[in-house]
Amino acid sequence: MLAWGAGMLALLLVLLAAAACLALRGSLPSLEGEHPLAGLAAPVRIDRDANGTVTIDAANQLDAVRALGYVHGQERFFEMDLMRRTAAGELAALFGPAAVETDKRRRVHRMRQRVRTHLASFTQGQREAIDAYVAGVNSGLAALDARPWPYLLVRRTPEPWTVEDVALTGFAMYFDLQDAGNANELALWQARPHLPAPLWNLLVHDGSSWDAAIMGGPRGDAALPGPGELDLRTLARPATPIAAAGHGDRPALGSNNFAVSGALSATGSAIVADDMHLGLRVPNIWFRARLRYPDADAPGGRVDATGFTLPGLPAIVVGSNGHVAWAFTNSYGDWLDWQELPACASGTEATADDPACPPVQRFRERIDVAGGDPVELDIEETDWGPILHRSVDGRRLALRWVAHQPGALTVGLMDFLRAGSVASALEIADRSAIPAQNLLVGDRDGTIAWRLLGVLPRREDACRATPVHAAADAPLDPPARCPPWELGTSAGVARVAPDDGRLWTANNRVADGEALAKIGDGGYVLGARAKQIRDGLGAREHFDERALLDIQLDDRSIFLERWWRLLQAEAARGDAPALREVAAAASDWSGRADVDSVSYRLVRGWRQHVHERIADGLTGPARAALGDAFLMPNLPQLEGVAWPMVSQQPAHLLPPRFESWQALFEDAAIQLRDELNAQGPLAGRSWGERNTASICHPLQRALPALARHWLCMPADPLPGDSHMPRVQAPDMGASERMVVSPGHEDDGIAHMPGGQSGHLLSPFWGAGHEDWVQGRPTPFLPGPVRYTLTLAPVR
């Protein structure tokens, strides 16, 4: 009886495994053969290489984007679904109550309703092509023998793709690349009244000696105020310190792009490099594709463009078309403002007795919850935007964000496929709108250019929503009623054909003067990465694609060397046992963020803890005044203040809880030593141990522990870090790398982590990931054909 029972149980488990395998295999995309696709004018050929990179040969643009939609729908529908739901605040309908709070934070922006209202400004004359793409997505999804496998886990049925969802995919990038809660400006706005002017100026110093703008000079490190101007020992301070959590050292979502003109290349064509830094996952956010079709409006009457697409959008986001290569980095401009609304005697409505109160519209949004009851969310909006914060005395803060305004997003990127020169690419940029980016373009004639691409707030000079970025002696209160700003153009914020033939951006401050006044400071990052790229470009007079890849992979720690010297010097004097222990373990300075380096990890950690203590001291008076209401601001330029402080060690700027600067250094060393000793001896704590890849599918945590590894890439130790060109963290870094010269795409280089396919049984699951880890040059163009699928018109 026991043997019979065990046998039946084993048989049942085999049958369940077979059923699960069949269900999984049923959602595999079609790679070969011939399949019908309604709406095509002529057959479309879809080739795939060993990495799953797609080449689409079509008779016209509509057939090409319809086929691209078909492939996206088969390979990436679940990931596309996450993008639209993230932007619209609709994740709880898939994942249940755990996603409700996330949905509330997104739903308050009412993005789906805004898209519906302003859909015409998004489609911008490309509605026929977008409709073809949407139809292709839904046809690809319907052609699968089973719904995509993630829906089996969440026990839901995918909903069809719509034109609205194409726009929401773009708005998901707004949420990724900009702070939809404007948290840092809120934190600074709250703190400013409680900080004397010299202290405020230190806290918001907007540059350092590492600045590397392409227009304008460096700000330099802060000039420290004397004891007669500022003495931290005389100011209010909180009872307990807080951990500032590595402020100024947070990995920033953004990118590197840089280019050299034809005067510096052997072919006379420009060379463009791009690596976009985003959160990493399996599959990758991008999908590699090549589109080829006749087009009378394209140079030579034909489009042949290769690059990285974003599933959900019918466009190549970055790439090259044989005439022009284009690339992006996030701009970190000032794209959001708070407006303080007065407390109204009549509540929130304007009346004849209380005309200062702005009119308020009320909306009730329903959040559907899988496995639970719907949740209703009440939203109040003024002409400035949604009200997101309220104070105890009745004042309210409304948020104005470029993403809320009509015209904030268009499909202008689709036209880059037809660009024939830098000049025509810049004209296309004039009518394109995406989350504001540093566009870098180069053409086959050798010209290069930088331009800010995207829409900007058109603010009145004398009327800012909050005076966060104003001078320290500016009024603390904004004008009583600033009119809501509208969107303005970024045309003219550009640098074309620089004399030295070099351009670079790395999420740093790229401009000065009038151009910077238009862009604003939205938290641009420390310039160390940009400076290392600039200096790498300046060190040579002749370039090829491999030379630019070498700069992308540069993991030299130039930025931290002076901190290593400071650590060694401070350990050599005084009674500081933790400093001596850390310095001894870090004595062999590698000069790189390589995986075996112990010294890099220790110096980086010690500097981070020193920064935390300095940030704690600078914000102490505001924290003492605000108590639990205090919000810690992010301080990306703190290095420009911290280094003068640790170099000069002025007693009047020492955080008050320390008796001396060496006591502060020792305290930081104690924290670092104790954290790392818990893992083993300091001499064994390498950077690779800390910087180990954790790149997984979004549903990885939903599986039992034994099965989770199936949905992750290998846990490789990764070289690189934030303040150098090779930006890499466990789950953030270069989501793609591209080096390409227009007209010479055969010599181009591309990398992509996480693989092309979203199906774990696909031959393309994780394909190419190892080349990304190792930095091995792999071709930009698709390789030899492994699979061919033909999509046939339905007659």
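Trp563, Trp606, Trp643, Trp661 and Phe665 together make up one aromatic cluster in a predicted model. Rings of Phe, Tyr and Trp (its six-membered ring) are taken to pair if their centres lie within 6.5 Å, with planes under 30 degrees apart counted as stacked, over 60 as edge-to-face and the rest as tilted; by this rule there are 15 aromatic pairs. Because the model is predicted, local features need pLDDT of at least 70 and side-chain atom pairs count only at pLDDT 80 or more, while totals for chains, interfaces and linings use all residues. Residues are numbered from 1 along each chain as its sequence is written, and side-chain values use heavy atoms, with hydrogens and water left out. Helices (H or I, at least four residues) and strands (E, at least two) are DSSP runs, numbered from the N terminus.

**Aromatic rings and charges**

- One of the aromatic pairs joins phenylalanine 175 and tryptophan 401, whose ring centres are 5.3 Å apart and whose planes stand at 75 degrees, so the pair is edge-to-face.
- Phenylalanine 175 belongs to helix 9 (residues 163-177) and tryptophan 401 to strand 14 (residues 396-401), so this pair ties together parts that are 226 residues apart in sequence.
- Both phenylalanine 175 and tryptophan 401 are buried, where buried means under 20% relative accessible area, exposed over 50%, and partly exposed in between (1.4 Å probe, protein chains only).
- A charge sits over a ring if NZ of Lys or CZ of Arg is within 6 Å of the ring centre and within 35 degrees of the ring normal; arginine 110 lies in this way over the face of phenylalanine 363, at 3.6 Å from the ring centre, and the charged end of arginine 540 sits over the ring of phenylalanine 543, 5.6 Å from its centre.

**Helix packing and burial**

- The axes of helix 16 (residues 561-571) and helix 17 (residues 577-585) come within 8 Å and cross at roughly 135 degrees, the axes being lines fitted to C-alpha atoms, for helices over the stretch in contact, with angles that run from 0 to 180 degrees between N-to-C directions.
- Helix 16 and helix 17 are therefore oblique to each other, given that angles under 35 degrees count as roughly parallel, over 145 as roughly antiparallel, 65 to 115 as roughly perpendicular and the rest as oblique.
- Residues Leu567, Gln568, Glu570 and Ala571 of helix 16 meet Leu579, Arg580, Val582 and Ala583 of helix 17, contact meaning heavy atoms within 4.5 Å.
- In helix 10 (residues 183-191) the buried residues are Glu185, Leu186, Ala187, Leu188, Trp189 and Ala191, and their cover includes helix 11 (197-203), strand 10 (336-341), strand 13 (387-390), strand 14 and helix 18 (598-626).

**Loop residues**

- Leucine 40, in the loop between strand 1 (33-36) and strand 2 (44-48), is buried, with a relative accessible area of 7%.
- Although leucine 40 and proline 793 are 753 residues apart in sequence, they are 4.8 Å apart in space, C-alpha to C-alpha; leaving aside neighbours within four places in sequence, leucine 40 is in contact with Asp63, Arg66, Leu791, Ala792 and Pro793.
- The peptide bond from valine 282 to proline 283 is cis, with omega near -5 degrees, and proline 283 is found in the loop between strand 5 (271-279) and strand 6 (287-294).
- Alanine 497, a residue other than glycine, has a positive phi near 50 degrees; alanine 497 is partly exposed, with a relative accessible area of 42%.
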